[in-house]
Amino acid sequence: MIQKTIELNIGLKNKFSGVLVIIMLLSITSCSQKIPFLTSSVVPSAEGVVTVKSDDNKNYIIDLSVMRLADPTRLTPSKVGYIVWMETENNRVKNIGQLKTSTGFMSKTLTSSLATVTPFKPIEIFITGEEDVATLHPGLVVLKTGTFSVK
């Protein structure tokens, strides 16, 4: 009886160790990096973070969240919307989308977000205020990250 209990405990311990190893490997392969936005001289109250991670297909998943980014019509000069751009490792600038802004259910704080996937490796993310959201070239930079490296 004691022999069977010991064998059972050893078997469970080995299975548990195997599960822990699998969880650790999954967390290593799906590492994400959180990059904060630098303080802006255009909209100093705005703050946010960008999370970037690579997937198994060598794409980059970008998830961006910003709080207290003023309505673009309040900028000087007034703008129509905010566009998110990235600089790639090859010194190219890519438009990755328009920020959507809303207020929370229990709060009047403006929050903006964007989630996207790109095959290009980002090294910097920045947000511009634009007169035309279909623009091909960045305008007034209101927020940006520092340069970063994604694995």
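This is a predicted model: local features need pLDDT of at least 70, side-chain atom pairs count only at pLDDT 80 or more; totals for chains, interfaces and linings use all residues.

Mentor: Residues are numbered from 1 along each chain as its sequence is written, and side-chain values use heavy atoms, with hydrogens and water left out.

Trainee: How should I read strand pairing, and which sense do β4 and β8 adopt, parallel or antiparallel?

Mentor: Strands are DSSP runs of E with at least two residues, numbered from the N terminus. Two of them pair if DSSP finds at least two bridges between them. Here β4 and β8 run antiparallel and are joined by eight bridges. Within that pairing, M86 has I125 in β8 as its bridge partner.

Trainee: How many bridges does β4 share with β5?

Mentor: Five bridges connect β4 and β5, again in the antiparallel sense. V84 stands opposite G97 of β5. The hairpin of these two strands has four residues between them, and N91 takes a positive phi near 60 degrees there.

Trainee: R92 is in the loop between β4 and β5 (93-98). What does R92 touch?

Mentor: A contact means heavy atoms within 4.5 Å. Not counting residues up to four places away in sequence, R92 touches M86 and E87. Its C-alpha is 9.5 Å from that of P122, although 30 residues separate R92 and P122 in sequence.

Trainee: How is burial judged, and how many of the residues of β4 are buried?

Mentor: Buried means under 20% relative accessible area, exposed over 50%, and partly exposed in between, with a 1.4 Å probe and protein chains only. In β4, seven of the eight residues are buried, so the strand is mostly covered. R92, by contrast, is partly exposed at 48% relative accessible area.

Trainee: Which residues touch the most other members of the largest nonpolar core?

Mentor: A nonpolar core is a set of buried Ala, Val, Leu, Ile, Met, Phe, Trp, Tyr and Cys residues joined through side-chain atoms within 4.5 Å. The largest one has 24 residues, and L64, L69, I125 and I127 touch the most other members. At least two residues come from each of β2 (47-54), β3, β4, β8 (122-130) and β9 (140-144). The greatest contribution is that of β3, with four residues. Leaving aside residues up to four places away in sequence, the contacts of L69 include V43, Y82, L110 and V142.

Trainee: How should I read a salt bridge, and how many does the structure hold?

Mentor: Side chains of opposite charge can pair when their charged atoms come close. The criterion is a side-chain nitrogen of Lys or Arg within 4 Å of a carboxyl oxygen of Asp or Glu. The structure holds two such bridges. One of them joins E47 to R68, with the closest N and O atoms 3.1 Å apart. E47 belongs to strand β2 and R68 to the loop between β3 and β4, so this pair ties together parts 21 residues apart in sequence. E47 is partly exposed, at 45% relative accessible area, and R68 is also partly exposed, at 32%.

Trainee: Which residue forms a salt bridge with K79?

Mentor: K79 pairs with E131, the closest N and O atoms being 3.5 Å apart. K79 lies in the loop between β3 and β4 and E131 in the loop between β8 and β9, so the bridge ties together parts that are 52 residues apart in sequence. K79 counts as buried at 10% relative accessibility, whereas E131 is exposed at 57%.

Trainee: What should I look for in the rings, and how many aromatic pairs does a search of the whole structure find?

Mentor: Rings of Phe, Tyr and Trp (its six-membered ring) pair if their centres lie within 6.5 Å; planes under 30 degrees apart count as stacked, over 60 as edge-to-face and the rest as tilted. The search finds one aromatic pair. The rings of W85 and F126 have centres 6.5 Å apart and planes at 10 degrees, so the pair is stacked. W85 in strand β4 and F126 in strand β8 are 41 residues apart, and the pair links these distant parts of the chain. Both count as buried, W85 at 2% relative accessibility and F126 at 9%.
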